[in-house]
Amino acid sequence: MKVRKKITFILFLLSITLLLTGCWSKRELNELAIGVALGIDRVDDQFEVTVQIVDPSELSIKQSSSRTSVVTYTTKGKTIFEAIRKMTLISSRAIYLSHLQIMVIGEGMANDGIKPTLELLARDHEVRNNFYIVVSSKSTAREVLNILTPLEKIPANKLFSSLEVSQKKWGVTSKMRLDQLINHLSNDIKSAALTTVEIIGDQKIGNDQTNMEIVNTPALLQYSGLSIFKDDKLVGILNEEESKSYNYLRDEIESTIESVSCPKNDGNIATQVINSKTEIKVKSIKDIPEFDVNINVEQNIGEVECQIDLTDSNTIKQFNEKESKQIEKRIKSLIEKLQNKYQVDVVGFGEKIYRSHPKEWKKIKGKWEEAIFPKAKINVKVNIKTKGLGTLRNSQLYEQKE
Amino acid sequence: MSFSKNNNSNSPESKKNKTKDPLLKSLAENVKIIKKVMGNSNDIIIREVDILKTDKQRIAIIYADGLADKTAITDFIMESLMLDIDSTPETREEDIIQYLKNFCLTVGDVEDVNDLQSVYRAVLNGETVILLEGQTKGIATSTKSSKDRAISQPSTESVIRGPQESFTETLRTNTALIRRKIKDPNLWIKSRVIGDITQTDVAIMYINGIANDKIVKEVLERLDQIEIDGILDSGYIEELIQDSQFTPFPTVFNSERPDVIAAALLEGKVAIIVDGSPFVLIVPALFPAFLQAAEDYYQRSIISTLIRILRYGGIFVSLMIPSLYISITTFHQEMIPTPMLISIALQREGVPFPAFIEAILMEIAFEILREAGLRMPRVIGPAVSIVGTLIIGQAAVEAGIVSAVMVIIVSITAICSFLSPAYAMSNSIRMLRFPLMILAAMFGLFGVMMGAFAIILHVCSLRSFGIPYTAPFAPLIPSDQKDAIVLFSRGSLLTRPRLVNQKNVTREQKLVRKKGRSDLGES
């Protein structure tokens, strides 16, 4: 009994030591600077890190003073981690990056190679994976993060949701998360496509509160096409059409708009792609690999600007064929550009070989991008099905004259 | 009919009062002793008269004013003994006591008393004792006055649909209320007198043949082991017979509704009724019982099921939400969606305390308000609650002492804790919030999970009269799931709870409906 009492007492004392840890690693919400956007530029041989931080008190519905709802801090350092920690010199609170929405990589950084920007974010336990990575074009990341945006009080939110919406509705941008990007850059085909962001308009006003006070916003942040990375260096920027074709090839089109000219060339017909499914098959891998790309598109008629009998299945058939030719042509021209101009297999044809013929892939992977991919034969076939005509049948505005 | 006498032989009461003073032959002596022992209290009426014209038998009529029914005494005792007795035939072969019992006392229940202790007990129970000169025996007649509170609506367990009666303070009324619902000869009552000084009647009720004999025996044993000077409410008994003293969870159920008690008896449980308390105890009491309201069974089972799910959710919310809030906002900010984080951060802006202190402050403030509102004279109650809501709900937020989210958290917690129909359970749950909040402030979600584990392990280790507290969840009893979280329709509640009841399991025959409609349209 006595021994038992002793043991209980010792256990009690031991359990008290638990309390000595106190509130270890506790952070109150109002001691945090919530960083929502991170920009990384290369200045000389140092990293210039810009963090966009939310000022919660400015987001209150009740009271908002004239302060902006975000602040940006910029520091330089030999490493990114060093630069972020240096930020405490100018910020009153510790920078908290768990709620990072978007990371902007500066143009200079993209030219030099983006690997160094990713390592810290992948290693650090605090940063989550679910933010998107974009590249700035014709400006530094710092400049991009300093633009104030209307509608969204937090510019990072604008960048985040604008990317999501445009990917969903227009299909020329690509949502790239940190883990996906690292996968792209670390597999055998070291290439990636990141969405490009540009500043449109007067950058100086963009930094000022007045940017949000003018109806026709003077400075805007706009996504424009995709930046192509070979290894981790920027090799070129695709235009909107090419970006869309890229998304067709990657099977990342959720919905987009295509337009075709009318049979008599007296106007255009716009169609709304509601479903698109891309299959890439390796046809043969003898000396020159051959691929079959099958794209099945389902669409609705969205807008008609000419006299056309939509109720006739033949019209629709002809029209479908015309459209599929058009898309095929676009995609082929992109492939041609990737093969010859950039020599980068950003779509991942090589990966298809790796999946279907892993042994052969081992032999060719060393010379894939330089020697084999540019020669590869890629057959593109687009099948279009027109499903619906919207709420009208034949347009009453362009009625057939009889 | 007094309880004390039926089981005198085996109740511990009789063992304790070993020194019995026998009645003396001299009536005057007896009266003297009684007056002395009872301290000449003026509510003890001792009336000495001579009866029988011929023999002049001197008797003393003793009763307690207020406890005994005065009209009964005058009508059935005084009048019979003093007037009517002369008209009865005087062929007395047997002794006078038997003669009086046979011919004079027109009262239902008559008993012999042999010693002074029995006299005291009888008088204090409202009986009238008649002592006779030259006899070492007396007669106790039942003249208990039935001054009693009227049966009113239940105040703590109200229902919209269902019986609207509740127990009163009188044991007899309470047993009658139950008997009125279960008209079966197998509804048995065993009684005990507990409390050396208060001599409180305690009755246990069960349905013989349905209740588990082991549980009945266990209840009686535990009652017999009680040694206490006074029992003033069934709460005393509850604490003295519960399985485990060191637990925040109630292991004895109580109700003031006769229908709840009757339902429990039908399940094979045992009811303990204490004189002077309108709250009847039920054992064994299992965890799910505390989340089941009487009305669940009176409305359609689908609705009851939804409401039960709500109650389990409410228990979870009131137990965990404050600690989850503290741990997530101080340790795991990455778990909050960004817009919500910004919104919470906005409200925390300028709040001087850490989230934990803020939460503790508000929770304690709520407990204070609740307790004050409960004990307050009814007239002041609303004033206090208005001041409370204004201070907590508005002024504190506007002054920036606490954040608005915290007020929401505290009020949700508070309201959810009252979703449990049993007040005892909502108290335990509200109490357990505090250790969880401390754990959350120290170790974050890790601490909260440890705390939750500890609570679950503890609950699983509890037993109520030998039955696992968490049955039918742990151990999982598939056949009892029909009345746990989900309530099946009445027609499929065919068996009684398996662990409570092992003898007579089948509750009812399967409902057989005639196929086809036999309405007027066919004929």
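Trainee: How many bridges join strand S1 of chain B to strand S2 of chain B?
Mentor: There are 8 bridges between S1 (residues 44–51) and S2 (residues 57–64) of chain B, and the two strands run antiparallel. Strands here are DSSP runs of E with at least two residues, helices are runs of H or I with at least four, and both are numbered from the N terminus. Two strands pair if DSSP finds at least two bridges between them.

Trainee: Which residue is the bridge partner of Glu48(B) in S2(B)?
Mentor: That's Ala60(B). S1(B) and S2(B) form a hairpin with 5 residues between them, and Leu52(B) in the turn has a positive phi of about 65°.

Trainee: Before I go on, what should I know about the model itself?
Mentor: This is a predicted model, where local features need pLDDT of at least 70 and side-chain atom pairs count only at pLDDT 80 or more, while totals for chains, interfaces and linings use all residues. Residues are numbered from 1 along each chain as its sequence is written, chains are lettered from A and ligands numbered from 1 in the order written, and side-chain values use heavy atoms, leaving out hydrogens and water.

Trainee: OK, chain A. Which domains is it divided into?
Mentor: Domain 1 (29–237) and domain 2 (240–402), with bounds from an automatic or database domain assignment. Their centres, taken over C-alpha atoms, are 32 Å apart.

Trainee: How many residues are in contact there?
Mentor: 23 residues of domain 1 of chain A are in contact with 25 of domain 2 of chain A, where contact means heavy atoms within 4.5 Å. About 2000 Å² is buried between the two domains, with 52% of that from carbon and sulfur atoms. Buried area is the accessible area (1.4 Å probe) that two parts lose on being put together, summed over both.

Trainee: And how many salt bridges between those two domains?
Mentor: The count is 2, a salt bridge being a side-chain nitrogen of Lys or Arg within 4 Å of a carboxyl oxygen of Asp or Glu. Lys365(A) forms a salt bridge with Asp188(A), with the closest N and O atoms 3.9 Å apart.

Trainee: Switching to chain B: what does its domain assignment give?
Mentor: Domain 1 (3–141), domain 2 (171–285) and domain 3 (301–468). The centres of domains 2 and 3 of chain B, taken over C-alpha atoms, are 34 Å apart.

Trainee: How much area do domain 2 and domain 3 of chain B bury between them?
Mentor: About 1300 Å², 78% of it on carbon and sulfur atoms. Asp243(B), Pro248(B) and Phe249(B) supply 43% of the area that domain 2 of chain B buries against domain 3 of chain B, more than any other three residues. The salt bridge count across that interface is 0.

Trainee: Last one. What about chain A against chain B: how many residues does the contact take from each?
Mentor: It takes 26 residues from chain A and 22 from chain B. The area buried between the chains is about 2100 Å², and carbon and sulfur atoms give 60% of it. On the chain A side, Leu29(A), Asn30(A) and His99(A) lose the most area to chain B, together 29% of what that side buries.

Trainee: How many salt bridges across the interface of chain A and chain B?
Mentor: The rule finds 3. Glu334(B) forms a salt bridge with Arg27(A), where the closest N and O atoms are 4.0 Å apart.
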